[in-house]
Each structure stands twice: as C-alpha cells, then as structure tokens.
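Subject: A structure for you to look at

Hi there,

I am handing over a structure that I have been looking through. Please open it next to this email and follow along as you read.

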Amino acid sequence: LQQERAAFEHERIERLAGATREAEEKREQLLEAVEREAAELRRAAAAAVEREVGRVADEMRVRLSNLVIDEVRRTLASLAGAELDQPAWARFEERLRALPAEQRRKLAAAAAGEVKVVTPRPLPAATSEAARAALTEVLGVERVRFATDPDLLLGVALEAGGLRLDGAAVVRLEAHERSFAAALGAVDEIAPRPVAPAAAEEGR
C-alpha cells in the first residue's frame, strides 16, 4: 500500500510538473503574441504620426510660401504706378532687342504683321509711340495693338500670334513662388526630424 501511495504521489507530481511546464509554455506563447501585436501597433502609430507630420509640414510650406508671395504682391501693387510704366517698357525693349536673331525671326513670323502689347495700365502717349516705333523696327510689324491687364501688376507682355514674350512682374512672382516652395521643401528634407516616441521605444 505504501508503495502504491508513493507511486501515486510520484505520478501526481509528474502530472503537476507537466501541467506547470505546459502552462508556462502557453504563457510565454501568449506573451510573445501580445508583444508582437503591441510592436505592430507601435509601428503603425509611429507611421501614422510620421504621415501626419509630413502632411502638416507640406501644408505649412504652402501657407508660408503663399503668405510671402501675397505680401510681395500687395507691396508691388501699392508701389506700381504710371510713373513706372515708361521704365518698364524701356527695360522690355532692351530685352526684346537683346533676343537672338532666330527668336526675333520666330516672333516676327508668328506676328504676321500684328502684335499686341499688354500692360497693367494704359501707357502714356509718348511711351505708346515709342513702343510702336520699336516694334515696327525690330519685328517689322505694321500694326501694334495695346491692351491692359491689371493682374500683371508691373511690366509688359508681348503677344505675337501664338507666341508670348512676358516681362510682367506677375510671371516672375509665380516663378519665385514655385522656387520658394521648392526651397522650403529642400530645407525640410535635409533638416533632422525628431523620432516619434513609439519608434524610439521600438528600437531599444
């Protein structure tokens, strides 16, 4: 009987040890599964934070670029006036005369004897006559029409058939706007970004 009891106790102890080992293995498996899921959640959260940071940064770059360019537009509009139109034409004429001969020939061919000069305001009579004479000389046109477009702010645009030679301030502002936004983007690319807390914890 004593031997039976000892055998029974030994078997009970073995079963208990086996159950304990099985429970420990399941506990470890469960902990590993929970840790994997937690790691996935941390990575997903870090990726979401990074995307949101990128979105906000892009939006701020656009807003900042627009604010700067809009301020320049307002300043330029307040400064621009009839007294600047004659110098603006003179500068445009210099540019026109400095064009390579091939480009001047293309303009003359596209004009087919007629061009349109677009300015923010009507040019003074003397400036209009000077423009007409210069265009007749350089492009050989017979007719010069004048038109106004306040959105140009300052400068001159010349339309010859399907071609346009633009010396208006608004065109340069639009180019500066694109360059400024690109420059802000480049600064953002080279500047170090703080690591999201979840990502930092994952790397430990």
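Below is what I found, taken residue by residue. Please keep in mind that this is a predicted model.

Let's start with Ala112. This residue sits in the loop between α3 (101–111) and β1 (114–119). Its phi angle is positive, about 55°, although Ala112 is not a glycine. Is Ala112 buried or exposed? Its relative accessible area is 67%, and the cut-off for exposed is over 50%, so Ala112 counts as exposed.

Next, follow the chain into strand β1, where you will find Thr119. Thr119 has a relative accessible area of 4%. Since buried means under 20%, Thr119 is buried. Which backbone atom lies 2.6 Å from a polar atom of the Thr119 side chain? It is the backbone oxygen of Arg121. If you leave aside neighbours within four places in sequence, Thr119 is in contact with Ala147, Thr148, Asp149, Leu152, Gly155 and Val156.

Ala147, one of those contacts of Thr119, is worth a visit too. You can find Ala147 in strand β2, which covers residues 143–148. With a relative accessibility of 25%, Ala147 is partly exposed. Not counting residues up to four places away in sequence, Ala147 touches Lys116, Val117, Val118 and Thr119.

Enjoy exploring, and write back with any questions!

Best wishes

Terms used:
Residues numbered from 1 in each chain as written. Predicted model: local features only at pLDDT ≥ 70, side-chain atom pairs only at ≥ 80, totals over all residues. Heavy atoms only, no water. Helix = DSSP H or I, 4+ residues; strand = E, 2+ residues; numbered from the N terminus. Buried < 20%, exposed > 50% of the residue type's maximum accessible area, 1.4 Å probe, protein only. Polar contact = N/O pair within 3.5 Å; in protein donor to acceptor, adjacent residues only side chain to side chain. Contact = heavy atoms within 4.5 Å.
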